[in-house]
Amino acid sequence: MARPGDILHLGNDRLTFLTTAAETNGAYVEVEVDYAAAAVKPPVHYHPRQTESMRLESGEIHLQLDGVVHKYKAGDEFYIPPGAAHSMWNPGPERTRMVWRTTPAYQTEKVFETLWGLTNEGRLKPDGTPRLQMPLLALAFRDEYRVVTGRPFALDMALCTVLAPVGLACGYRPTYKPPQPPAQARPQARLQSTA
């Protein structure tokens, strides 16, 4: 569960939780994102019932919204309505920093933690591989995040439902747990003899 001040890293990008769902009773979650110039554009996706509101603090951001590219700079504010297909990236070369609010929150914190965590560890690639991880994520976060595939959503969900048990059998999971550091060996107490 995210707490204010928690930071996620993805390569040279950084996401800081400002306000969590727990603090707003699920009304919204707000983060600050600091992006390096994009090497690869994120996949086109949409949020079926959530609105994203952005305020650009520094740098520049490009937003492809329903097929049209919009360019924003420091001081600009914009929003992405529910169901709008979009992709957003920093065209560079400078870094971009923005405040990002998602309303309502749903499981957005877990989406960030899972996608950023798996990708940062190399367990999920920008092209969506490994393929057996994706059906689990698509089912777990279908209310928050849907990648545009060109197929009807019902067909995507049917395919994911068929493939999910295979992914689970291969060891993939729908959420991310960071690796645990090895337990430190405890020093053994020495018994003192009282002779």
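The elements run β-β-β-β-β-β-β-β-β-β-α-α-β-α. That makes 3 helices and 11 strands. Keep in mind that this is a predicted model.

**The whole chain**

Zoom out. Along its principal axes, the C-alpha trace spans about 85 × 45 × 35 Å. Now show the surface. The accessible area is about 11,600 Å², and carbon and sulfur atoms account for 55% of that. Of the 195 residues, 36% are buried.

Next, colour the charged side chains. You will find 21 positive and 20 negative ones. The centres of these two sets are 8 Å apart.

Now think about contacts between residues at least 6 apart in sequence. Of these, 66% join residues at least 24 apart.

**The largest nonpolar core**

Which residues touch the most other members of the largest nonpolar core? Select Leu15, Phe17, Ile61, Met88, Met98, Trp100 and Phe112. The core holds 24 residues in total. Nonpolar side chains tend to be buried together in soluble globular proteins.

Strand S3 gives the most, with 4 residues.

**Met88**

Centre on Met88 and show what surrounds it. Leave out residues up to four places away in sequence. Met88 then touches Pro42, Met54, Ile61, His62, Leu63, Phe78, Met98 and Trp100.

Move to Val31, in strand S3. Is Val31 buried or exposed? Its relative accessible area is 1%, so Val31 is buried. Beyond residues up to four places away in sequence, Val31 touches Leu15, Thr16, Phe17, Leu18, Met98, Val99, Trp100 and Phe112.

Pick Thr16 from that list. Thr16 sits in strand S2. This residue is buried too, with a relative accessible area of 14%. Set aside its neighbours within four places in sequence, and Thr16 is in contact with Gly5, Asp6, Ile7, Glu30, Val31 and Glu32.

**Two cis peptide bonds**

Draw a distance from Val31 to Pro93, C-alpha to C-alpha. The gap is 22 Å in space, and 62 residues in sequence. Pro93 is in the loop between strand S9 (86-89) and S10. Zoom in on the backbone here. The peptide bond from Gly92 to Pro93 is cis, with omega near 0°.

Go on to Pro104, in the loop between S10 and H1. The bond from Thr103 to Pro104 is also a cis peptide bond, and its omega is near -15°. Most peptide bonds are trans.

**Two positive phi angles**

Stay in the loop between S10 and H1 and select Tyr106. Its phi is near 45°, a positive value in a residue other than glycine. Tyr106 has 38% relative accessibility, so it counts as partly exposed.

Now jump back to the loop between S2 and S3, where Asn25 sits. Asn25 is not a glycine, yet it has a positive phi of about 60°. At 77% relative accessibility, Asn25 counts as exposed. Most residues other than glycine have a negative phi.

**Met134 and the cysteines**

Select Met134 in helix H2 (residues 134-140). Met134 is partly exposed, with a relative accessible area of 27%. Now find Cys160.

Cys160 is in no disulfide, and the nearest cysteine sulfur, in Cys170, is 15 Å away. A disulfide needs the two sulfur atoms within 2.5 Å.

Finish by comparing how covered these cysteines are. Cys160 has 11% relative accessibility and counts as buried. Cys170 has 49% and counts as partly exposed. The cut-off for exposed is over 50%, so Cys170 stays in the partly exposed class.

How values were computed:
Residues are numbered from 1 along each chain as its sequence is written. This is a predicted model: local features need pLDDT of at least 70, side-chain atom pairs count only at pLDDT 80 or more; totals for chains, interfaces and linings use all residues. Side-chain values use heavy atoms; hydrogens and water are left out. Buried means under 20% relative accessible area, exposed over 50%, partly exposed in between (1.4 Å probe, protein chains only). A nonpolar core is a set of buried Ala, Val, Leu, Ile, Met, Phe, Trp, Tyr and Cys residues joined through side-chain atoms within 4.5 Å. Contact means heavy atoms within 4.5 Å. Accessible areas come from the Shrake-Rupley method with a 1.4 Å probe; for residues, only the protein chains shown count as cover. Lys and Arg count as positive and Asp and Glu as negative; His and the chain ends are not counted. The place of a charge is taken as NZ of Lys, CZ of Arg, CG of Asp or CD of Glu.
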